Amino acid sequence: MAQLTELNVRWAFFEAMKYGWAGSAPVTIKPRPIEGRPGSHSIEWREDDWLVVDEYYTTSLGPDSDGSTRIWFHENLVWSMRYWGWYREDAISYLKVVLADAYQTRRFCGGRGEPYSRPRGGILYENDYTGDFEKFAGKERLIDTSVNPALRDPILGVHEYSGGLMVKLPIDI
């Protein structure tokens with residue numbers, strides 16, 4: 001008999017993220033719309049008994065988005081994360097770089113990027129989170145460091161997120 005452990009679920013998370021929206025793999029999985037759900041995007045990664053689905057929604061009326069990442073094992077939901085917020089279009093490419101960097105190191109920072117990144121092109125990434133893979137919550141943001149906050153809002157985007165395990169591990173399977 002084998003065991004499902006947190007280490008297994010973490011493995012699935014990082015493997016799927018490598019091929020996802022901010023993935024660093026040579027070939028990533030492109031988001032596809034979900035029939036009947038305007039503004040929807042879904043990225044599915046499958047391997048053996050694992051299914052990871054990153055599903056998010058955008059609107060043409062503004063920069064906001066809402067989504068979730070869920071992990072199933074043997075058709076049982078074992079982990080879930082929800083995220084919501086907004087980013088300016090010109091900041092998204094930098095956000096993808098920050099997330100890809102964190103996923104490559106396989107360090108879990110609330111499922112998002114490292115707490116602080118070195119500014120690149122005048123943009124700074126911050127991620128303030130609590131908890132660990134089992135249960136977590138946080139808020140990330142991108143800041144334009146070239147802007148005087150007294151003259152204009154330097155925030156280029158913010159996402160809040162929360163999630164964790166849906167089952168008590170380890171479990172004999």
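Starting at the N terminus, I read the elements off as β-α-β-β-β-β-α-β-β-β-β. That makes two helices and nine strands in the chain; helices here are DSSP runs of H or I with at least four residues, strands are runs of E with at least two, and both are numbered from the N terminus.

Before going on, I note that this is a predicted model, where local features need pLDDT of at least 70, side-chain atom pairs count only at pLDDT 80 or more, and totals for chains, interfaces and linings use all residues. Residues are numbered from 1 along each chain as its sequence is written, and side-chain values use heavy atoms, with hydrogens and water left out.

**Whole chain**

The box filled by the C-alpha atoms is roughly 60 × 35 × 30 Å along the principal axes.

Next I checked burial: 43% of the 173 residues count as buried (under 20% relative accessible area; exposed is over 50%, partly exposed in between, with a 1.4 Å probe and protein chains only). Of the contacts with a separation of 6 or more, 47% are between residues 24 or more positions apart (contact: heavy atoms within 4.5 Å).

**R88**

I found R88 in the loop between β5 (76–87) and α2 (92–105). R88 counts as partly exposed because its relative accessibility is 30%. What does R88 touch, not counting residues up to four places away in sequence? I get R152 and L156. L156 is 68 residues from R88 along the chain, yet their C-alpha atoms are separated by 5.6 Å. I also noted a polar contact between the side chains of R88 and D90, at 2.7 Å (a pair of N or O atoms within 3.5 Å; within protein, one must be able to donate a hydrogen and the other to accept it, and residues adjacent in sequence count only if both atoms are side-chain atoms).

**Y116**

I then went to Y116, in the loop between α2 and β6 (123–132). Is Y116 buried or exposed? Y116 is exposed, because its relative accessible area is 60%. Leaving aside neighbours within four places in sequence, I find Y116 in contact with Y125 and E126. I also looked at Y116 against E44: the two are 72 residues apart in sequence and 29 Å apart in space, C-alpha to C-alpha.
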